[in-house]
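Have the sequence and the 3D view open as you go through the points.

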Amino acid sequence: MAELQGTDKFLVNRAGQSYKLEQQNLMAELKDTDLMLVNRDGLSYKATGKEIKDSVKTSEPAVIGTVVLT
């Protein structure tokens, strides 16, 4: 599956209860054992919460090339 996008929609199933979330709101409550259905452009993919967490890129720290102190 390609890199996740903020507008990807997920169907989350936990303990027999299903609900949907967007990727941008997902990480706060996602558990490794959650079952996910990801839909992008009409195509559906199945994944576990762990697979989703592992595929999300973390932002890299800013690199400062030059600093002048006066």
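Asp54 is exposed in this predicted model, with a relative accessible area of 56%; exposed stands for over 50%, buried for under 20% and partly exposed for values in between (1.4 Å probe, protein chains only). Asp54 pairs with Lys50 in a salt bridge, their closest N and O atoms being 3.0 Å apart. A salt bridge here needs a side-chain nitrogen of Lys or Arg within 4 Å of a carboxyl oxygen of Asp or Glu. The structure holds three salt bridges, and a nonpolar core can be traced too.

**The pair inside helix α2**
- Lys50 is partly exposed, at a relative accessible area of 41%.
- Both Asp54 and Lys50 belong to helix α2, four residues apart, which is about one turn of the helix.
- Helices (H or I, at least four residues) and strands (E, at least two) are DSSP runs, numbered from the N terminus.

- In general, side chains of opposite charge can pair when their charged atoms come close.
- Arg14 and Asp34 meet through their side chains in a salt bridge (2.6 Å, N to O).
- Arg14 sits in strand β1 and Asp34 in the loop between α1 (23-26) and β3, so this pair ties together parts that are 20 residues apart in sequence.
- Arg14 is partly exposed, with 24% relative accessible area, whereas Asp34 counts as buried at 1%.
- Asp32 and Lys53 form a salt bridge through their side chains (2.7 Å, N to O).
- This pair also links distant parts of the chain, with Asp32 in the loop between α1 and β3 and Lys53 in helix α2 (residues 49-55), 21 residues apart.
- Asp32 is partly exposed at 39% relative accessible area, and Lys53 is partly exposed at 30%.

**The nonpolar core**
- Eight residues make up the largest nonpolar core: Phe10, Val12, Leu26, Leu30, Met36, Val38, Ala47 and Ile52.
- Two or more of these residues come from each of β1 (9-14) and β3 (35-40).
- Such a core is a set of buried Ala, Val, Leu, Ile, Met, Phe, Trp, Tyr and Cys residues joined through side-chain atoms within 4.5 Å.
- Leu26 touches Phe10, Val12, Leu21, Met36 and Ile52 (heavy atoms within 4.5 Å), leaving aside residues up to four places away in sequence.

**How to read the values**
- Residues are numbered from 1 along each chain as its sequence is written, and side-chain values use heavy atoms, with hydrogens and water left out.
- In this predicted model, local features need pLDDT of at least 70 and side-chain atom pairs count only at pLDDT 80 or more, while totals for chains, interfaces and linings use all residues.
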